[in-house]
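Keep the viewer open and follow along as we go from one residue to the next.

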Amino acid sequence: MKIMRVEKTLVSTNRIGEMGHRPLLVVQEKEGGPRSVAVDAVGCIPGDWVICVGSSAAREAAGSKEYPSDLTIVGIIDNWSPE
């Protein structure tokens with residue numbers, strides 16, 4: 001699991017059918033660090049600190065072992081200071 005911050009929504013009009021209509025969000029582990037795209041399974045907004053899972057856990061958290069995700073948000077952190 002990783003703690004990451006939601007930066008913004010990613011709009012993708014063309015997707016493979018298996019992805020359905022789940023929201024995609026741009027997340028960062030730390031400010032200035034590399035960005036990743038995560039499937040939002042819990043309803044986040046930009047600025048939220050979240051818990052992300054990867055690999056097969058990400059696919060199951062997104063709804064199915066067949067889901068094409070390698071990073072899924074599974075929780076919103078209520079109180080977090082990155083320092």
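Which backbone nitrogen does the side chain of Asp40 reach? The side chain of Asp40 comes to 2.8 Å from the backbone nitrogen of Gly43. Before going on, please note that this is a predicted model, in which local features need pLDDT of at least 70 and side-chain atom pairs count only at pLDDT 80 or more, while totals for chains, interfaces and linings use all residues. Residues are numbered from 1 along each chain as its sequence is written, and side-chain values use heavy atoms, with hydrogens and water left out.

Asp40 belongs to strand S3, residues 35–40 (strands are DSSP runs of E, at least two residues, numbered from the N terminus). Asp40 is buried but has no salt bridge, and the nearest side chain of opposite charge, Arg22, is 8.9 Å away. Here, buried means under 20% relative accessible area, exposed over 50%, and partly exposed in between, with a 1.4 Å probe and protein chains only. A salt bridge puts a side-chain nitrogen of Lys or Arg within 4 Å of a carboxyl oxygen of Asp or Glu. For charge, Lys and Arg count as positive and Asp and Glu as negative; His and the chain ends are not counted.

Beyond its neighbours within four places in sequence, Asp40 contacts Pro23, Leu25 and Ile73 (contact means heavy atoms within 4.5 Å).

## Val37 in strand S3

Val37 also has its place in strand S3. Val37 has a relative accessible area of 41%, so it counts as partly exposed. Not counting residues up to four places away in sequence, Val37 touches Leu10, Leu24, Leu25 and Leu71.

## Two salt bridges

How many salt bridges does the structure hold? There are 2. One joins the side chains of Glu29 and Lys2, at 3.8 Å from N to O. This pair links distant parts of the chain, 27 residues apart: Glu29 lies in the loop between strand S2 (24–28) and S3, and Lys2 in strand S1. Glu29 is partly exposed at 43%, and Lys2 is partly exposed at 42%.

Glu7 pairs with Arg35, their closest N and O atoms being 2.8 Å apart. Glu7 in strand S1 and Arg35 in strand S3 are 28 residues apart. Glu7 is partly exposed, with a relative accessible area of 25%, whereas Arg35 is exposed at 56%.

Technical notes:
Helix = DSSP H or I, 4+ residues; strand = E, 2+ residues; numbered from the N terminus. Polar contact = N/O pair within 3.5 Å; in protein donor to acceptor, adjacent residues only side chain to side chain.
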